[in-house]
Amino acid sequence: MEKRWTSLLVMLWLVLGLPAQLLAQDCNLSLRGQVLNADTGLPMPYAGIIIKETQQGVQSDEHGHYQIERICPGEYTIVCSHLGCDHAEQKLALQRNAVLDIAMKENAVTLENLVVTGSSNKKAGTQTSSELSGVELDAGRGMGLGESLKRLSGVSTLNTGATISKPVIQGLHSNRILIFNNGVRLEGQQWGNEHAPEVDPFTAERITVVKGAASVRYGADALGGIILLEPKPGRQTPGIGGEAHLQGYSNGRGGIASGMLEGRLAKLPLSGRIQGTLKRAGNLQTPNYYLNNTGVSESNFSWSGKFQPEHWVVETFYSRFFTQLGILRDSHIGNLTDLNNAIERGRPLQDGAFSYDLGRPLQKVMHETFRVKLAHALSETDKLSLQVSRQFNRRQEYDAHRRFNPLPETLDDPSIEFEITTWAAELNWDHQLGRNWRGALGTNAQSQVNTVDRGALIPNFDNFDWGLYWTERRFKYGSPWEYEFGLRYDLRHLHVAEQGTNNLNEDRNFQNWSASLGVVYALNEVWKLRFNMGSAWRSPLVNELYSSGVHHGSASYEQGNPDLQAERGFNNSLTLEGSRNDHWTMALTSYYNLINHFIYLQPRSEAQLTIRGAFPAFDYNQADARIMGIDWTGDFTLYKTLHLESKASLLSGWNRELEDYLIYMPPLRFEQGLKWGFNEKKQADHPSFVRISALWVLQQKQAPVTDYAPPPAGFVRLDAELFHTLMWGKQRLEVGISVSNLLNTEYREYLNRFRYFSAEPGRNLSLRLKVPFNFT
Amino acid sequence: MKINALKLPLLAILVLPFLGCEKDDDNGPDNEQELITTIALKFTGGGQTVTFTAVDKDGDGGSAPVIQNINLKANTDYTLSISFLDESKTPSEDITTEVKAESNDHLVCYAATGAMVSPIASDKDAGGKTLGLESAFKTGAAGAGTLKITLKHEADKSSANACGTGETDAEATFNVTVQ
């Protein structure tokens with residue numbers, strides 16, 4: 001929790017007051033000072049200053065001055081808050097009258113980024129969320145977004161082999177989750193189970209997962225939750241700095257190099273950043289064999305610029321993501337007989353060998369994002385911002401089998417190619433109503449064109465979305481209650497054109513409301529309760545409406561249903577949070593979510609016969625569903641710097657109409673770790689640690705019988721990690737060594753669609769080095 | 001001076017996305033996914049040649065393939081010659097030449113039931129292993145049965161159960177009447 005403050009520039013002057021008056025216990029002490037803007041040095045009026053322990057508080061006057069009287073001697077935490085600034089927290093041992101000047105950093109809310117609003121407020125916001133930053137993010141992000149987020153409780157992944165990994169939040173994934181990369185809603189081809197999110201986790205400094213349907217601020221569709229990737233805020237001091245990452249992996253013999261360079265001018269409030277990542281890895285290895293053609297090659301690049309004259313911010317951001325993913329050759333099958341043969345074998349035909357070659361089947365995915373944002377501070381509390389973005393996504397899939405008799409010039413053509421272009425605009429007004437209500441009112445519009453250049457699985461389409469939202473939050477320091485509500489209206493127009501040689505030429509309209517309500521009640525200093533309820537909806541996607549064709553990876557024939565209605569989710573969650581300074585923290589969330597008209601694939605009783613043989617056929621269907629579960633996370637200090645870290649998630653998905661389980665729901669996961677910290681005094685911000693953890697996953701017993709193979713057995717996997725910060729002269733070096741699957745256990749994950757064909761990768765030793773640098 | 005030094009690269013990167021936008025290869029939609037639409041079986045024996053087909057012109061969805069019933073004479077020596085066609089194009093394309101050209105990567109498998117006798121492949125691929133486009137068999141007594149023809153791609157021909165490996169390119173089960 002405290003990490004956040006470390007990133008702030010909180011300057012403090014503690015000037016001892018007049019000679020000691022009385023050391024007696026009489027409560028006559030006073031604390032006074034001035035609140036200043038760290039950037040401009042100007043006084044900040046109307047900031048709230050609170051002594052956390054006693055709840056004594058005042059507001060700074062128009063010149064930023066404040067004074068708190070009648071304080072008993074003791075140790076206190078002084079909290080200063082101001083809309084548009086991060087809260088500043090300072091510990092203080094008060095024995096005599098003191099002067100404390102507080103310099104506050106304007107935070108992301110004001111001027112950085114629209115979406116950050118939500119997550120910066122997160123600490124005080126009502127929704128259940130968890131975040132990944134610092135060492136924990138560094139350790140996982142080389143493995144992609146999905147794998148990094150697995151470190152959070154309640155988040156799992158839906159995999160297609162080891163290289164394609166999609167985040168699953170409380171049992172929901174793909175288009176039921178929204179991903180925001182630097183404020184832009186990711187619009188790629190998220191509908192496919194084997195379509196991984198097209199983002200480079202190295203662009204983010206923090207990744208926040210907001211769980212549950214109350215996504216009013218971000219858009220309809222997010223029945224499962226939201227993932228926010230936030231870059232480091234722009235550089236605030238003149239000079240040049242950055243960071244370099246080098247990572248190496250033993251399994252797949254992979255390497256990653258990522259670098260970021262940023263600078264800010266001294267005379268102009270202008271800053272800029274460039275960032276890039278290169279990644280290359282070869283065939284992965286399970287404990288007993290190699291997985292042929294499971295290499296990956298990725299090259300990503302981004303830049304951003306920010307101009308910040310007084311009261312204004314102009315920001316630009318561009319990123320380009322390009323990945324080439326090899327797909328296990330043995331997973332590419334012709335028909336049901338082939339699939340049954342492969343399942344019977346349970347492993348690839350050959351033991352395979354190591355190679356960096358990327359052969360067919362292969363995916364090539366390119367994603368470009370460009371955004372411009374303009375923000376203006378109307379007053380100390382109100383901001384207006386406008387963001388315009390463009391995204392372009394090209395997905396090319398190469399089947400194992402080239403077509404027969406290819407013309408020489410079409411020899412390397414993909415078998416499937418989709419291109420989608422998205423333009424979006426958002427206008428937002430952050431405001432304060434009265435003293436304690438803060439909120440946002442805004443509107444957004446999006447226009448999208450998708451062309452299918454090869455393959456006829458889905459039709460060409462274009463759609464237009466428009467939304468209007470309003471959220472308000474009441475938050476008052478000192479009050480145990482906090483409230484939040486939000487309301488949203490969305491409409492979507494979908495036009496469907498050609499699919500293969502058919503011209504469907506159909507228009508569909510969907511529109512509806514979303515709403516959310518949240519309450520937080522602090523029982524005392526230690527315990528806090530959060531209750532959230534919300535309702536969101538999602539219009540059926542083009543693949544759910546019009547899919548028609550065979551998926552080779554799963555050897556299934558999928559048929560869309562143009563009559564599908566929108567899904568409507570009702571989400572309820574209750575979280576109990578507790579934290580006792582350095583002793584322990586915990587959070588226990590229970591949720592109960594109903595999704596009406598939940599869209600799923602219903603197996604047909606008869607296989608679809610084609611000239612390639614029989615394929616199991618699935619129809620998109622809808623029924624009322626229920627997903628409920630418990631997420632748990634805790635950290636307990638056992639002895640000095642020895643911590644017990646504990647995480648668990650339990651979930652149950654039920655189709656209420658068929659009275660059967662929902663497919664692909666994560667089984668019970670339970671993770672326990674021991675972490676021993678050292679070197680904490682020398683490197684307080686980046687303390688070193690050693691950790692050993694055990695992941696225990698049960699067999700999924702709650703699975704429908706319609707699966708091709710029963711869910712795999714449960715397993716226990718051991719992981720170990722060492723992180724150490726060293727100084728090389730004045731240069732800080734952060735070194736991490738981790739071993740996943742320490743015992744080289746052979747296991748399979750239920751949520752990996754390739755569990756039919758192979759085991760999960762074996763032991764992996766990884767080394768990583770992070771070098772932050774700074775020239776001023 | 002510092003400003004000037006930074007201005008150029010800044011300008012350069014600001015302009016970059018407008019240069020690096022989509023390069024759409026406007027070949028138009030290319031939806032010819034179907035590789036094989038037709039399996040044709042040519043039986044020669046008893047002094048005559050008969051051909052039976054399995055045809056699925058509209059691809060994976062839509063209508064099911066139309067598979068003709070095979071009629072053969074009892075107690076007769078036959079040779080079977082199989083060809084694969086793509087009849088979605090005009091003129092139709094003979095995929096068999098491709099199969100022959102990449103003979104090492106292909107294997108035709110037979111599975112017979114009832115009164116049908118499983119044909120025995122008589123041709124070899126470029127590596128001297130079974131290919132299966134050409135085969136021979138002798139029918140037995142009259143009766144009914146089936147014959148399943150499967151064209152495998154990248155099957156492991158050295159495997160004991162070669163037909164249980166690889167990826168199916170085409171498959172059809174014909175009803176057979178021996179009389």
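A residue is called buried here when its relative accessible area is under 20%, with the protein chains alone taken into account. With that term in place, I turn to the structure before you, which is a predicted model.

I begin with chain B. By that criterion, 42% of its 179 residues are buried. In sequence order, chain B runs α-β-β-β-β-β-β-α-β-β-β-β-β. As for its contacts, consider those between residues at least 6 apart in the sequence of chain B: 64% of them join residues at least 24 apart.

I now move to the second largest pocket, whose volume is about 910 Å³. Its lining comprises 42 residues, and the closest to the pocket centre are Asn193(A), Tyr600(A), Leu601(A), Ile663(A) and Tyr664(A).

Which element gives the most to this lining? That element is β34(A), with six residues. In chain A, β34 spans 584–603, and it is one of several elements that each supply at least two lining residues. The others are α7 (542–546), β32 (556–559), β37 (617–639) and β39 (660–661), likewise of chain A.

What is the make-up of the lining by class? The lining of the second largest pocket contains 19 nonpolar residues, 15 polar residues and eight charged residues.

Methods:
Residues are numbered from 1 along each chain as its sequence is written. Chains are lettered from A and ligands numbered from 1 in the order in which they are written. This is a predicted model: local features need pLDDT of at least 70, side-chain atom pairs count only at pLDDT 80 or more; totals for chains, interfaces and linings use all residues. Side-chain values use heavy atoms; hydrogens and water are left out. On a 1 Å grid over the protein atoms alone, a cavity is a set of points where a 1.4 Å probe fits but cannot get out, and a pocket is an open set with protein on both sides within 12 Å along at least five of seven lines; lining residues have an atom within 4 Å of a point. Grid points are joined across faces, edges and corners, and a volume is the space filled by probe spheres set on the points. Helices (H or I, at least four residues) and strands (E, at least two) are DSSP runs, numbered from the N terminus. Ala, Val, Leu, Ile, Met, Phe, Trp, Tyr, Cys and Pro count as nonpolar, Asp, Glu, Lys and Arg as charged, and the others, Gly among them, as polar. Buried means under 20% relative accessible area, exposed over 50%, partly exposed in between (1.4 Å probe, protein chains only). Contact means heavy atoms within 4.5 Å.
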